[in-house]
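Here are some friendly notes to read beside the model. Take them one at a time, and keep the 3D view open as you go.

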There are 2 protein chains.
Amino acid sequence: MMVLTKDGDTQQMDGGTHKPRMNALGLDLGGTKLAAAIISNSQLVTEVKKIPTPKGADKIVEAVISLIADFQKDHLIAGVGIATAGVVNVETGQVIGSTGNLPGWEGTKLKQIVEERTMLPCHAENDANAAAYAEVHAAGLGDKQAVVTITLGTGIGGGLVMNGKLYRGQHWAGGEVGHLKIGMENKRMCTCGRWDCWEAYGSGSGFLRTSKEIIATIKPEQSALANKLANLTNEMVGEAADKGDPVAHKIIDIWHEHVVTGLVSLAHALDPYCFFITGGMEKFVNFETMRELFIDRSLPLIGKNVKILPATLGTDAGMIGAGSLVIDSLVTS
Amino acid sequence: MMVLTKDGDTQQMDGGTHKPRMNALGLDLGGTKLAAAIISNSQLVTEVKKIPTPKGADKIVEAVISLIADFQKDHLIAGVGIATAGVVNVETGQVIGSTGNLPGWEGTKLKQIVEERTMLPCHAENDANAAAYAEVHAAGLGDKQAVVTITLGTGIGGGLVMNGKLYRGQHWAGGEVGHLKIGMENKRMCTCGRWDCWEAYGSGSGFLRTSKEIIATIKPEQSALANKLANLTNEMVGEAADKGDPVAHKIIDIWHEHVVTGLVSLAHALDPYCFFITGGMEKFVNFETMRELFIDRSLPLIGKNVKILPATLGTDAGMIGAGSLVIDSLVTS
C-alpha cells in the first residue's frame, strides 16, 4: 500500500513504482446541478463547488469552462474529468446519447471543446461509469473480474468495472441496466417509452409509483399514508415505515423484490465479485433483506458468492471517478 | 488471412507470425452423448466419434480416456479440450457445479485426471463457453468488445467472449443466462426450482410448455394441434406453422417475445457487438421478427446497433472451442 500525504497544488512524482501524483479537476454534470472539486489520488482535495445546471448545451459548456478557470486560479491542474448524464463516446469525448434531464446535450463534443478552450487534457465519461470507477478503486477491488455498481436514483444507472477497467460496450451503451426487462405483461411504462424496464420499478420514481398504487387501495384506518396520497414522497413512506406503519413496510418489501430482480439477472449474466449499491435510494435498502431475497432467487454458486454492498463515496463518486480517469489516462498513455 | 492446408497428423510450424499448427482432441460431453474429433486451426479435421454418455462420473471418465486412446492410434495430439455441461473451474479443471443431466458429475477433477492418465495437457470448459469461443473466432470477431452466444436448447446457455477471450465470471458462473428473470409474477417454475427464469420460457422446454398451455385452451376446429396435446413435440408445432396453422403461429410469436426479453436485458447490460443464436431451437427463430421485436424494446443506441445473428458451427461448436482452447493455452503459456 502507498501511504499518501496531500501536498497541495504541486505536481510531484512518488518515484519508484508509484504513479505520478497529479491534481485533476473532477466535474459531475447532472440534470439539476454541476459540481466540481480538485481530485488527487482518488480523493477530493478541495471543497466541492456546486452551481445549478444551466439550460441548453452552450450555457452548460460555458459554465464548465468558467468553473475550470475558477479552480485554476488556486490550483495547478493536469487535466479535467467530466462525469455527465448521457451516453459518451469516450474516444472522441462526444455525448452520443442524452437523457431527458439534459435536453439538447446530445451531440456536444465535450472533450474537444474543453481541450480547445482550456488547453488541458479532458476525459468525458458517463456519470454512472465514472462513479463505478471511483467506487471500485476506493474499495481496492481493481483486481476483481467484475464489480457492478448500481445507482438507485430517480432512474437506475449501472457501471461495470472489469479487472479495474471500465467496460463501456461496443457502442458505448454498456451498463444501461435501468432498461433490463423484469416483466412481460406490459404493466408499467418506463420513462424511455417502453414497458416493464427495471427502472420503472426499482428506481426512486418506481418506488413512488408502487407507493401510490398501493396507497390508492387502502383506507385511512390502515395507514395514515392514505391521506397523503396527493403529495406523497418516498421520504414520507420511509418515515412511516420507521414508525411501524405496515403499509409502508409492505411498499418497501415490494420494492426490495423489484430491485433484487434486476440484481439476479445481472448476477447470472456476469457473476461479479460484488454489487455496490449507491444513489439517493440506497438509504431505503435493507441489505440483509436484499441478500436473503438474492440467495433465494439465484443459483447456489451465484447466491452464496456474489456480495451486495453499500457503496462508500456517495454523491462525490462521479467527480472522483472523472478526475481519476483523466489522471489515469495521462499516466498510461 | 492465413490460407491453410490440412496436413494430416504432423505438427508443423507455419513460421513467421503464424501460430504453430497443432492438433488437439476436442470432446463435447452432454447429458446424452459424448462426441469427439480432432481439431486443428479451429476446424474439425476428422470425422466425429459419438458414444452414448455413460451413467456415473467414473464411467464417463473411463469413456473419455478410452476415446483419447482411440484417437491417439491414428493422430498425434498436442492436448485434449473437453467441453462439458456444468460449471467448471478452468484453473483447476474441476467441475464445481453440475446439471441435472449429469448426476454425480460435480466434484470431478476432470483436467487433473485426464492429464495424469494420458500425460497430455487438458483444458476443461463449460460447454456453452467452449461453443461461444469457437463461434466468435470462426466469425473473425475476436477484436470485438463483447459477443454473446446464446444456446437455445432444452435449456438456455450463454457464453460471453470479450476481445477474443472468454469471460467466465468471478466464481466461474458467468453466462448462466438461462436464469435471468423475465417476470415477477411467479407464473412458471424453472427446472432450477425458482420462478420465471428466462429458460422456463425461451428454451425448447419453455416452448413446449407454452404450446401445451395454449393448445389446452383451443378447440379442434381451431387447430389440428388440439388433438395432439398428449404427445405434443415442438416439431409438431413447427410443422403446423409451416402449413399455416394460426395457433402454431401464435405459439411461435409468443416464444419470440419470450426469447427477445432476455436478449434485451443482456443487451442493455453489455451492449455487445452481436448475439449469436445457436442450439436445437435456433431453427424456430425468425431472425427478422426477432430483430423487429428487439428494436421495439430497446433504447435506440442498443436497438439500432446490436445485431442478432445465427451461429454457424452448429453442434460441432463445443468440440471445436474446447480443442481450440487447449491449443491456445499451449501457444500463449
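1. **A pair of facing residues.** Let us start with B:Leu27, which stands opposite B:Ala36 in strand E4 of chain B. E4(B) covers residues 33-40, and its partner here is E3(B), with seven bridges in the antiparallel sense. Strands (E, at least two residues) and helices (H or I, at least four) are DSSP runs numbered from the N terminus, and two strands pair if DSSP finds at least two bridges between them. A hairpin of three residues leads from E3(B) to E4(B).

2. **Before going further.** This is a predicted model, in which local features need pLDDT of at least 70 and side-chain atom pairs count only at pLDDT 80 or more, while totals for chains, interfaces and linings use all residues. Residues are numbered from 1 along each chain as its sequence is written, chains are lettered from A, and ligands are numbered from 1, both in the order in which they are written.

3. **The other partner of E3(B).** Which strand pairs with E3(B) in the parallel sense? Strand E7 of chain B (residues 79-84) does, over six bridges. Within E7(B), B:Val80 is the bridge partner of B:Leu25.

4. **An enclosed strand.** E3(B), residues 23-29, is largely enclosed by the rest of the structure, because seven of its seven residues are buried. A residue is buried if 20 or more other C-beta atoms, placed from the backbone, lie within 10 Å of its own; it is exposed with 12 or fewer, and partly exposed in between. In a regular strand the side chains alternate between the two faces of the sheet. You can follow this in E3(B): B:Asn23, B:Leu25, B:Leu27 and B:Leu29 point one way, and B:Ala24, B:Gly26 and B:Asp28 the other way.

5. **The core.** The largest nonpolar core has 192 residues. Such a core is a set of buried Ala, Val, Leu, Ile, Met, Phe, Trp, Tyr and Cys residues joined through C-beta atoms within 7 Å. Those with the most contacts inside it are Leu27, Val80 and Ile82 of chain A, and Leu27, Val80 and Ile82 of chain B. Leaving out residues up to four places away in sequence, B:Val80 touches several residues, including B:Leu27, B:Ile68, B:Val114 and B:Val326. Here, two residues are in contact if their C-beta atoms, placed from the backbone, lie within 7 Å.

6. **A sheet in chain A.** Now look at the open sheet of five strands with mixed pairing, in the order E13-E12-E11-E14-E15 (chain A). Its edge strands are E13 and E15 (307-310), each of which pairs on one side only. E14(A) and E15(A) pair in the parallel sense over four bridges, and A:Ile277 has A:Pro310 of E15(A) as its bridge partner.

7. **A helix on that sheet.** Helix H3 of chain A (residues 127-138) packs on the sheet, touching E11, E12, E13 and E14 of chain A. Its direction makes about 50 degrees with that of E12(A); axes are lines fitted to C-alpha atoms, for helices over the stretch in contact, and angles run from 0 to 180 degrees between N-to-C directions. A:Ala130 lies in this helix and counts as buried, with 31 C-beta neighbours inside 10 Å. Beyond its neighbours within four places in sequence, A:Ala130 is in contact with A:Ala83 and A:Leu325, among others.

8. Most residues other than glycine have a negative phi, and most peptide bonds are trans. Phi of A:Trp172 is positive, near 70 degrees; this residue lies in the loop between E13 and H4 of chain A. B:Asp271 has a positive phi too, of about 45 degrees, and its place is in the loop between H7 and E14 of chain B. Is B:Asp271 buried or exposed? B:Asp271 counts as buried, with 26 C-beta neighbours inside 10 Å.

9. **How the chains meet.** In chain B, 36 residues are in contact with 36 residues of chain A. H7(B), residues 246-270, gives the largest share of this side of chain B, eight residues. A rotation of 180 degrees with 0.0 Å of shift along its axis superposes chain B on chain A, with an RMSD of 0.0 Å; the two copies are thus related as by a two-fold rotation axis. The superposition is by least squares on the C-alpha atoms of residues with pLDDT of at least 70 in both copies.
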